[in-house]
Every structure is written in C-alpha cells, then in structure tokens.
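Thanks for making the time this morning. I would like to walk through one model with you, starting from a single pairing and then widening the view.

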Amino acid sequence: MELIAASRIVRAQQAIAAARPYVARIREVVAHLADSPEARNHPLFRVVDSPERVAIVFVTADRGLAGGYNANVIRTVERLVRDHRAAGREVQLVGLGRKGVNYFRFRRQPILFSLIGVSERPRYEDARQVVQSVIPAFEVGEVDQIELVFTQFLSLGSQAVNVRQLVPLVGEVDDQPAEPGHKTDYEFEPEPAEILDRLLPSWLEAEVLAAMLESAASEQAARQRAMKAATDNADELIKTYRRQMNRARQDAITTEIMEIVGGAEALRQAGLGDQDGSARETYQPIA
Amino acid sequence: MGTTHFELVSPSATLFSGQAEMIVCKAVDGEIAFLADHMPYIGALDPSAVRILGAEGSGVEEVRFAVHGGFVEVKDNQVIMLADVAEAPGQIDVAQAERDEQEASQRSGGPEPDKAAEIELKWAQARLDVARGA
C-alpha cells in the first residue's frame, strides 16, 4: 500500500500541475474585474456585517489508513463549528469524502450536501456539483458566509490543513496585488453583470477543484507515510517475535535434552552396575 | 502582420500556449476574431470550435480545438482563453459526438425550449467540426 500510494502521489501532483494555469488565469481575470461597480454589486460579493449562518465545506478522504489526514481536517472543522456556535452562528456542513461525512453524520450535525467516492481523483464536474450545492443558498441569503477547509499539499513531507473564506469574495480579491494606474477599460460581451454571473461561479469551481486536488495529493502522501510507518513497525515486530520464538524453541530443546540426559544418567546409576551396555540399548528408543 | 500570445487552458490541461496571427472563437453574441493588439476585451464563450491561424511552430495553417464554454480575456496583446472543457482533434470521440448530436437534436427539437439540450447540441457539433476539419 505504501508503493500504491507513492505512485498515486505522482498522478495527484500531475493533476495539480495541470489545473494550476487555469486556476491562476481565472484568478487574474476575476482580479481585473473585481474593481468594477458591477462586481461590487454582485450577489457573490454581498457582505453581511454580522453573519448568522455559515456553511463549512470540508475535504476529507473516502478511505482511512492515512494517518492523521482525516482526523486533522475533522478536528479543524469541529473547532470552527464550536467557535461559530459560541458566537451564536448557525452552522451547516458540506462534506466531501466518506470519512468526514460519516463522522459528522454519526454525530447528527446538519449536512447540507455531501459528495462521496471522488476524493482520490477529483474532477472538474465534482467541484461544480459542490459549488452549485452551496452558492444558491448564499445568493438567496440562507447562508451568509462559506468557508473551505482542505489540506494543502506543501511537499511530500509536509501538508497543512488550510481554512479559507470562499464567499463573500471581498477579502479574497483585495489580497490581489493592485496595479496602480493600470486600470484597463474592457469591452464586454455580453454585459459585465452577465459575465460576472458566469465567471464568478466558474472561479469558485476552480478554487474548489484546486482545494480538492491539493487534498487528494495530501491524502496519498499521508497514506504513504502511514503505510511506511506500519511496514517498518511490522518488520520490527516480526524481528522481535522471531527472536522470542527461537528462544522459546531453544529452551524447549535444551529442557528436553536435559531431561533425557538426566533420565539416562539416573537409569544408568540404577542399572545395578551393568557394564555391558545393554542398558543403553534399552533407553535408545526414548531418545 | 504581428502576432499575439494565445493561451488555451482548461482545468485539466494547457492545450495551447504560443504566438499566433489570429484567433477566431464564438462569444455568446456571435463570432469574434482577435488579431495582434486587440483592445481589452472580456467575453463569455459558446460551445464552439476555436480556430488558431498562423500558430507559430505548428507548421499548419490552422489549429482547432473544441471548447465547451468559458471565457476569453484580451489584454496587453495576450489572448487568454479559459475553457471549462476543451478537446483537441485527437481527443475527440467522433462516434460518441455523433450519438450526442442526434440525441440532443431530438430533445431540443421539442415544443418546449430546452436550454441544456441546445448547449449539448452545440457542443456535439463543435466537436464534430473540429474532428472533421482537422
């Protein structure tokens, strides 16, 4: 399983690399558009001063045996849920991956939407499904804020649970490096508002896809590490047990020989000074 | 004639990245072509065939791709196309596209306008155009 995971990491990393240009480009386009008045008025930029209802989208694995991978995400989500509830906010969950979904379902947490069976090979359609499950709720005001919890793939040896606010988009776009005096006047086709209606969901889909791909690579890396530890541990156990078994066998043989020799000696001494060796012949079958 | 930098990216791959003389695509309001130094433009794409003319280093007059939908941004002599799904001629399953075309044209031919079927029909036709034209 260690080797299977290792080969899957390569594939997962390739998927991240393939999606990266798209995600980077769509971020750029959104950043270019974010300053326009149409963008400011778009429902996805709607900021509620004191959000009361929060949706948390989290990404876990479908399968276990991945060390602390699922537990780390679940713990982070639980902490967020606790904090939001303490602040009087209502929380709903959007779960990706069987492990996390089952965990929260078993604890009777409200799950708005769940997606199972794609954690190892997320596709764009999967990300689209997730976005389309939560965005309408935000647009009509049933949810005021959407957060995304996933595991960022930093390197083979290091993955970190990451929490991001997905919508409202404000903070996100303001983080983009501003280009002073470089405001471009675009020609739009169709109208800017209509472009934004199409572009912003696509952008969110790209962001969710990126999070799912990062998580998939992290899952495999965590699994590889867990399975390597398990293999090493099993090797160590086998070594210890083999030594114990050999020692026990040796003990048994030694004891048996001692008994035979002791018995033979006792019989020889009791053999009434028999010197012709007939006694030895008699004992032989026992040995 | 000058060239412009063109990039076609989808979530699963970068399909094209390089200099080209002209890019022709279909925005929602009609066909549009980009030459070098086109003015800044942002458009939404219809499912259609994208044609890249005079692509440097390609050795052919015209390179085609089928795009399912997405956006095109033009700025600083760069044309960036973001497609949610895009296929090169070699990736297209012609038999499947033909089946999709038939199925979608039947559904869109009904009395009720069926937007999803129309999009599917356009997508099937775009794939067939690209696969046959190449």
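Let me begin with strand β6 of chain A, residues 187–189, which pairs with β5(B) in the parallel sense, over three bridges. Within that pairing, Phe188(A) has Ile42(B), in β5(B), as its bridge partner. Please keep in mind throughout that this is a predicted model.

Widening out to the whole contact between the chains, 21 residues of chain B are in contact with 21 residues of chain A. On the chain B side, at least two residues each come from β1 (4–10), β2 (13–20), β5 (41–45), β7 (62–75) and β8 (78–87), and it is β5(B) that gives the most, with four residues. Sorted by class, that side of chain B holds 13 nonpolar, four polar and four charged residues.

A word on confidence in chain A, where the average pLDDT is 86 and 89% of the residues score at least 70. The exception I would point you to is residues 171–178 of chain A, where the pLDDT is below 50 and the model shows five contacts beyond near neighbours in sequence. Where pLDDT is low, the predicted coordinates should not be read in detail.

Turning to chain B itself, it is divided into domain 1 (4–89) and domain 2 (90–133), and 11 residues of domain 1 are in contact with 12 residues of domain 2. On the domain 1 side, β6 (48–53) and β7 of chain B each supply at least two residues, with the largest share, four residues, coming from β7(B). By class, that side has six nonpolar, two polar and three charged residues.

Key
Residues numbered from 1 in each chain as written. Chains lettered and ligands numbered in written order. Predicted model: local features only at pLDDT ≥ 70, side-chain atom pairs only at ≥ 80, totals over all residues. Contact = placed C-beta atoms within 7 Å. Nonpolar A, V, L, I, M, F, W, Y, C, P; charged D, E, K, R; others polar. Pairing = 2+ DSSP bridges. pLDDT = per-residue confidence, 0-100. Domains from an automatic or database assignment.
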